[in-house]
Amino acid sequence: MAWFKRKEKGITTPTEHKMDVPKGLWYKSPTGKIVDADELARNLWVSPEDDFHVRIGSAEYFQILFDNNEFTELDANMTSKDPLNFVDSKKYSERLVEATSKTKLKDAVRTAVGKSKGKDLVVCCMDFAFIGGSMGAVVGEKIARGIDYSIKNKIPFVMISKSGGARMMEAAYSLMQLAKTSAKLAQLAEAKIPYISLCTDPTTGGTTASYAMLGDINIAEPGALIGFAGPRVVKDTTGKDLPEGFQTAEFVLEHGFLDFISHRKELKNKINLYLDLILNQEIR
């Protein structure tokens, strides 16, 4: 009967030989639903159990919006510097190195141009994984250059915001990006090139105070947090209890700051539909 009984006691397996369950094999949504990671990806990173929109980055949004996931990245190698030699619990220069190593990103935004439903589109997409999607000089410059590319080539521009706000380690340099990007968007409007802004979870701080709310059409994903200061700060400042659902996309839509909310599965079709309507061209 030794085939199912252990004949020797004290048998151990070295730690390096033990098999662990791979990370990311399952995803648990905030409502407690467990979803297979592969199934979640097939469903465009929306939980099929409760329709929760999982936070994703630029790579996933490019895959959703561009035909066959084919695109050319613009200004791909632009990286942040440390002009203020900023130090808090660690040096800002060290944070940049760590963020780059961890995320394999150069900064908190990527810009790409490609075909979406057969027509050219420029997409700037923020990555929350890189220092909380904070907006520094590189973020502002890459967005500005993306807008310049749209103007030069007469291509519609889409901005996907996902940010905790301005990057404090760059102080006034980061705050200057609000004016810089807003001025560039004014030039885009003068050139009569459409701009669609997509607010995803979270869109807060300086991004909300600038380009995120300046679209010809402002849209959001379901349940996204959208606001300037966070709910706790607003509550502490006003001394009042906040309404239910405060600063969710649905609340912001109800109060007139959004044009519509789009499910991720409909995002590509919705963006291109409104571009066709704005440009008075045949509906694709």
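Author: Strand E5 (residues 119–126) is mostly covered, with six of its eight residues buried, that is, under 20% relative accessible area, where over 50% is exposed and anything in between is partly exposed (1.4 Å probe, protein chains only). Strands, written E and of at least two residues, and helices, H or I and of at least four, are DSSP runs numbered from the N terminus. The model is predicted, so that local features need pLDDT of at least 70 and side-chain atom pairs count only at pLDDT 80 or more, while totals for chains, interfaces and linings use all residues. Residues are numbered from 1 along each chain as its sequence is written, and side-chain values use heavy atoms, with hydrogens and water left out.

E5 pairs with strand E4 (residues 109–116) in the antiparallel sense over eight bridges; pairing requires that DSSP find at least two bridges between two strands. Within this pair, Val 123 of E5 is the bridge partner of Ala 112. The hairpin of E4 and E5 has two residues between the strands, and Lys 117 there takes a positive phi near 55°.

E5 also pairs with strand E6 (residues 157–163): the two run parallel and are joined by four bridges. Here Cys 125 has Ile 160 in E6 as its bridge partner. Together with helix H4 (residues 137–153), E5 and E6 make a right-handed β-α-β unit. Right-handed means that, with the strands pointing away from the viewer, the path from the first strand over the helix to the second runs clockwise.
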